[in-house]
Amino acid sequence: MRGLWMAAACLALTACPGFGSGTLGSDDPVTWESDVQQIMMNQCVACHGETPTNGAPPGFRLDVYDMTEGNGTPGAFEFRDRIDARSVMLAPSPMPPGNGPPIEDQAKLSTWIMLGAPRTEADIQ
């Protein structure tokens, strides 16, 4: 139910000034370097880092942007759809376990994914 609510809230927010532009009401766009990397470090990397822990599956890393940084191991860019499912939509089970990330981080992640998961502001089209 929370995932459905989040989807509706994100959809409604696209009509708010600044949201559809990827700025969340500020002049700073949501990018890997400006926001998402820190969210991953705070919420995900304890389990989904270079060496998976706490039963996290191997085969991807959320401490790196993409495969080029992960020495061939997929990073957050390649797993953006999974990040959306688990940390924004909170389905099939929320990550981090429990209630997922704070709502503010969910909104930033949603915006980042809607923008095409840009690394930097220059990547936003």
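These notebook entries record what I looked up in a predicted model.

**Entry 1. Largest pocket**

I began with empty space, since rolling a probe the size of a water molecule over the atoms shows where such space is left. The largest pocket holds about 350 Å³. I listed its lining and found 19 residues. Nearest the centre of this pocket I noted His48, Phe60, Leu62, Arg86 and Met95. I then asked which element gives the most to the lining of the largest pocket. It is helix α3, residues 80–88, with 4 residues. Sorted by class, the lining of the pocket comprises 11 nonpolar, 6 polar and 2 charged residues.

**Entry 2. Helices α2 and α4**

I turned next to helix packing. Two packed helices are described by the angle between their axes and the distance between the axes. For α2 (residues 32–43) and α4 (residues 103–114), I recorded axes that come within 10 Å and cross at roughly 130°. Angles over 145 degrees count as roughly antiparallel and 65 to 115 as roughly perpendicular; α2 and α4 are therefore oblique to each other. I noted the handedness of this crossing as left-handed. On the α2 side, the contact is made by Trp32, Asp35, Val36, Ile39, Met40 and Gln43. On the α4 side, I listed Asp105, Lys108, Leu109 and Trp112. The class count for the contact of α2 with α4 is 6 nonpolar, 1 polar and 3 charged residues.

**Entry 3. Helices α3 and α4**

I repeated the look-up for α3 and α4. Their axes lie 10 Å apart, and the packing angle is about 155°. With the limit for roughly antiparallel set at over 145 degrees, α3 and α4 are therefore roughly antiparallel to each other. The crossing of α3 and α4 is left-handed. From α3, I found Arg80, Ile83, Asp84, Ser87 and Val88 in the contact. They meet Gln106, Leu109, Ser110, Trp112 and Ile113 of α4. By class, I counted 5 nonpolar, 3 polar and 2 charged residues where α3 touches α4. I noted that Leu109 and Trp112 of α4 are listed in the contact with α2 and also in the contact with α3.

**Entry 4. Backbone exceptions**

Lastly I examined the backbone. Most residues other than glycine have a negative phi, and most peptide bonds are trans. Which peptide bonds are cis? One runs from Ala91 to Pro92, with omega near 0°. Another runs from Met95 to Pro96, and its omega is also near 0°. I placed Pro92 in the loop between α3 and α4, and Pro96 lies in the loop between α3 and α4 as well. For phi, I noted Asn54, which has a positive value of about 55° although it is not a glycine. Asn54 belongs to the loop between α2 and α3.

Definitions and conventions. Residues are numbered from 1 along each chain as its sequence is written. This is a predicted model: local features need pLDDT of at least 70, side-chain atom pairs count only at pLDDT 80 or more; totals for chains, interfaces and linings use all residues. Side-chain values use heavy atoms; hydrogens and water are left out. On a 1 Å grid over the protein atoms alone, a cavity is a set of points where a 1.4 Å probe fits but cannot get out, and a pocket is an open set with protein on both sides within 12 Å along at least five of seven lines; lining residues have an atom within 4 Å of a point. Grid points are joined across faces, edges and corners, and a volume is the space filled by probe spheres set on the points. Helices (H or I, at least four residues) and strands (E, at least two) are DSSP runs, numbered from the N terminus. Ala, Val, Leu, Ile, Met, Phe, Trp, Tyr, Cys and Pro count as nonpolar, Asp, Glu, Lys and Arg as charged, and the others, Gly among them, as polar. Axes are lines fitted to C-alpha atoms, for helices over the stretch in contact, and angles run from 0 to 180 degrees between N-to-C directions. Angles under 35 degrees count as roughly parallel, over 145 as roughly antiparallel, 65 to 115 as roughly perpendicular and the rest as oblique. A crossing is left-handed if the near helix is turned anticlockwise from the far one by less than a right angle, and right-handed if clockwise. Contact means heavy atoms within 4.5 Å.
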